2 protein chains.
Amino acid sequence: MATRSTGRTDVTRSAILARLGALGPASRADLARALNVSPALMTQLTRELLSDGLLQELEHSPSQGGRPARMLGLVSSAGRAIGVKVVADHVAFVEVGIDGTVLRSASEPFDASTTTVLTDLASLLRRFIAGGRDIPLLGIGVGVPGSVDRQGNGVVESTQLGWHQVPLGSTLRRELKLPVLVENNVNALAVAERLYGLGRNHENFLVVTIGTGVGAGVVVDGVVLRGFAGGAGEIGHIPVAEDGPLCSCGNHGCLESLVGQGPLVEIARGGGIISKSGGIAALRAAADADDDGAAEIFSHAGHLLGRALAGIVHTLDPEIVIILGEGTASWKHWSYGFEPAFRSALVPSRRGVAVEVETWQDESWAQGAAALVMATPFDSVDIAGDQGRLVRERLVEQSAPQLRGAP
Amino acid sequence: MATRSTGRTDVTRSAILARLGALGPASRADLARALNVSPALMTQLTRELLSDGLLQELEHSPSQGGRPARMLGLVSSAGRAIGVKVVADHVAFVEVGIDGTVLRSASEPFDASTTTVLTDLASLLRRFIAGGRDIPLLGIGVGVPGSVDRQGNGVVESTQLGWHQVPLGSTLRRELKLPVLVENNVNALAVAERLYGLGRNHENFLVVTIGTGVGAGVVVDGVVLRGFAGGAGEIGHIPVAEDGPLCSCGNHGCLESLVGQGPLVEIARGGGIISKSGGIAALRAAADADDDGAAEIFSHAGHLLGRALAGIVHTLDPEIVIILGEGTASWKHWSYGFEPAFRSALVPSRRGVAVEVETWQDESWAQGAAALVMATPFDSVDIAGDQGRLVRERLVEQSAPQLRGAP
DNA sequence: TAAAGTTATTTTAGTTCTAAACAAAGTAGT
DNA sequence: ACTACTTTGTTTAGAACTAAAATAACTTTA
């Protein structure tokens with residue numbers, strides 16, 4: 001059906017801001033091309049944003065053969081966002097600037113299984129917010145391991161947290177009086193990747209995370225694919241072995257039950273490769289030290305992941321696959337199994353699909369959640385709904401209280 | 001990025017026509033809601049279409065508690081389309097009315113491997129077109145077993161036909177002077193399903209075909225997912241068995257090499273279940289006659305398909321899975337293996353996903369191809385590009401040569 | 001160094017759509 | 001019958017865009 005061209009609040013206006021934030025200064029002509037609008041409109045919108053004090057004109061860029069471009073840059077104090085990573089035993093916060101850079105971060109112990117989870121989380125968040133700079137706070141992004149009905153609604157279903165239809169979004173919104181966007185953590189990462197990472201240059205890509213579990217974020221035509229109930233990307237439960245080990249979901253032989261961090265450590269302990277108390281770090285250390293058994297464990301995991309991803313690549317035809325997550329620290333070892341299995345299981349015409357492994361940081365999950373907020377202006381499909389509109393309004397209104405609508 | 005709200009030719013105007021064609025008469029208010037535009041615009045557009053002679057006002061529908069709705073219906077002579085199914089040894093044509101009903105059909109022997117394929121096809125098409133009624137021919141839809149760069153472009157890559165970057169679209173367009181839309185055959189089927197079938201009521205679904213090969217069409221938010229190079233949905237080559245039989249793609253153990261019609265027949269012959277010259281019909285007959293071996297072959301295929309589809313459902317989270325293709329004639333036998341394997345491999349929260357098997361007809365492939373033409377008005381994402389615009393123009397202009405622009 | 005070609009930005013005159021107010025044509029309660 | 005309430009359809013003013021032409025500010029070529 002025809003998408004209603006909103007009209008309500010201006011989408012393009014703030015898409016300009018988000019783009020400049022994400023990619024740095026650009027000319028009006030660049031922006032018009034990138035956002036797929038006419039130069040005429042760009043002139044008009046940037047005029048308003050300049051007079052609102054959200055943009056500034058910078059130096060000229062050297063001529064490309066014609067009139068040199070006048071670069072436009074963001075006034076960096078235009079906004080900030082907070083990203084939250086929620087897992088069973090702790091929460092992590094980051095505060096990011098409008099360009100996605102981390103300004104502050106913190107981590108707090110937390111119990112997701114109490115009856116007071118939501119108010120607990122709100123208090124922790126309030127405390128973190130209080131420490132922030134005096135820049136308009138555009139909103140809160142929350143990444144959870146589980147599925148979310150709609151970003152702007154924020155009802156969470158998560159076996160990992162033991163949450164069943166928990167109204168995380170509405171509660172935080174009420175408690176904090178701020179726009180709140182809730183999303184599956186891997187999808188949030190995909191949004192961040194699209195905005196700040198390799199996904200900037202690709203409209204169709206796959207983000208795959210390896211770590212405790214295995215997950216995927218699917219970006220199609222520049223937009224994160226959520227599926228019918230927000231559950232797309234749960235590749236950790238693809239059936240792999242007919243009679244494999246028991247998975248947390250209750251089935252046997254899921255991908256995650258074979259290549260997740262827990263199972264790998266289990267195998268290593270059983271095989272005497274690491275001590276009974278050793279963890280994934282010990283296993284990686286063993287592999288790094290050329291222990292054949294350890295290498296084989298990673299390599300076999302890579303093999304299984306490679307075959308599973310080949311299936312997904314056939315299904316979705318992405319341009320590039322981006323590997324992320326805590327597990328990437330051992331990617332070198334995974335890759336021995338992954339590359340041959342993955343490539344050889346692909347149809348010849350797909351065999352060249354790019355696989356990139358990005359460096360992983362502790363804050364990456366929370367940073368991804370924050371990207372949800374910064375991405376809302378891009379949100380032409382209106383994934384974030386009402387909350388997206390609020391973010392946009394805060395961005396435009398708070399930054400320029402002195403102008404517009406003053407008597 | 002913000003989608004350019006085309007503006008060029010009117011999309012909504014013909015979305016009205018397509019909707020009325022697909023779903024029958026509706027009121028202005030209904031249409032406005034369905035197409036997500038304002039009532040005001042609907043008044044304006046329908047006024048034009050009425051005066052153009054494309055629509056007609058019908059009786060009032062009984063009041064729903066307020067002013068009774070004035071129904072609008074399509075003037076059925078507004079247009080027709082032709083759909084073509086191309087396979088290695090023959091082509092099939094159908095002519096459909098604006099509501100998707102088949103008016104005429106034909107099948108011709110054909111050799112896809114000659115050097116004159118394209119002109120041969122054009123001649124056959126010309127002959128078929130000539131037999132049609134005197135109603136505006138909106139365009140030609142072609143379904144091919146392979147991937148297509150862009151519908152409106154129509155460059156085909158198909159191992160099955162032995163075609164490498166064949167410019168099918170542009171050639172037919174030049175030869176026939178008509179809008180031509182080319183698409184992978186399963187994707188075309190998904191479009192038809194969205195327009196006329198079960199997909200009408202679902203924005204996220206999966207069309208799976210079983211027959212010679214296995215394929216899938218993925219519909220996300222109402223739009224067919226094509227992927228980076230138009231190759232999405234090639235689930236026939238998902239790796240299933242580590243050391244399975246050789247597949248036509250050159251790899252071993254692809255889903256298709258295990259559950260395709262050819263392999264099933266092979267196994268049945270080898271097991272003495274059918275004669276050395278028996279085909280799939282014989283195998284089905286054996287299963288129908290309670291031959292345990294035959295039943296087991298189908299059941300095992302169902303088992304493998306079920307596990308593979310479970311993986312895809314986890315990846316895409318569709319609301320419903322629609323099974324189509326020649327193979328559905330034996331679905332009863334497949335289902336014994338399919339249902340338990342599929343359900344038990346799904347995460348509990350997904351276990352209820354609906355699986356529907358629709359009746360299959362010989363012309364279904366070609367009918368799907370024709371739907372490409374009828375769907376272009378819906379094409380808010382502009383998949384069909386230039387050719388879509390041409391279809392729209394033909395629909396509006398040819399039907400009302402007597403009005404508009406007359407001196 | 002003047003003419004030609006490029007690229008960037010602005011102006012102008014629409015087009016397409018929406019929101020909001022209104023008019024039309026009913027049903028249901030009193 | 002009279003009023004209140006619903007739903008449909010229309011009118012009007014205005015917002016958001018676009019295309020095309022005009023203008024600006026260079027580089028390149030002859």
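Trainee: Which helix gives the largest share of the surface near DNA strand C?

Mentor: This is a predicted model. Helix 2 (28-35) and helix 3 (39-51) of chain A and helix 3 (39-51) of chain B each give two or more residues to that surface. The largest share is four residues, and it comes from helix 3 of chain A.

Trainee: Which atoms of DNA strand C within 4 Å of the protein are counted apart from bases, and what percentage are they?

Mentor: The atoms of DNA strand C within 4 Å of the protein are divided into those of bases and those of sugar or phosphate. Sugar or phosphate accounts for 67%.

Trainee: Why are helix 4 and helix 5 of chain B described as they are, and what is the word for their orientation?

Mentor: Helix 4 (residues 117-130) and helix 5 (residues 168-176) of chain B pack at an angle of about 50°, with their axes 10 Å apart. Angles of 65 to 115 degrees count as roughly perpendicular and those under 35 as roughly parallel. The two helices of chain B are therefore oblique.

Trainee: How many nonpolar residues are in the contact of helix 4 with helix 5 of chain B?

Mentor: Helix 4 of chain B contributes residues including B:Leu118 and B:Ile129, and helix 5 of chain B contributes residues including B:Leu168 and B:Leu176. By class, the contact has two polar residues, two charged and, as the nonpolar count, eight.

Methods. Residues numbered from 1 in each chain as written. Chains lettered and ligands numbered in written order. Predicted model: local features only at pLDDT ≥ 70, side-chain atom pairs only at ≥ 80, totals over all residues. Heavy atoms only, no water. Near = heavy atom within 4 Å. Axes fitted to C-alpha atoms, helices over the stretch in contact; angles between N-to-C directions. Parallel < 35°, antiparallel > 145°, perpendicular 65-115°, else oblique. Contact = heavy atoms within 4.5 Å. Nonpolar A, V, L, I, M, F, W, Y, C, P; charged D, E, K, R; others polar.
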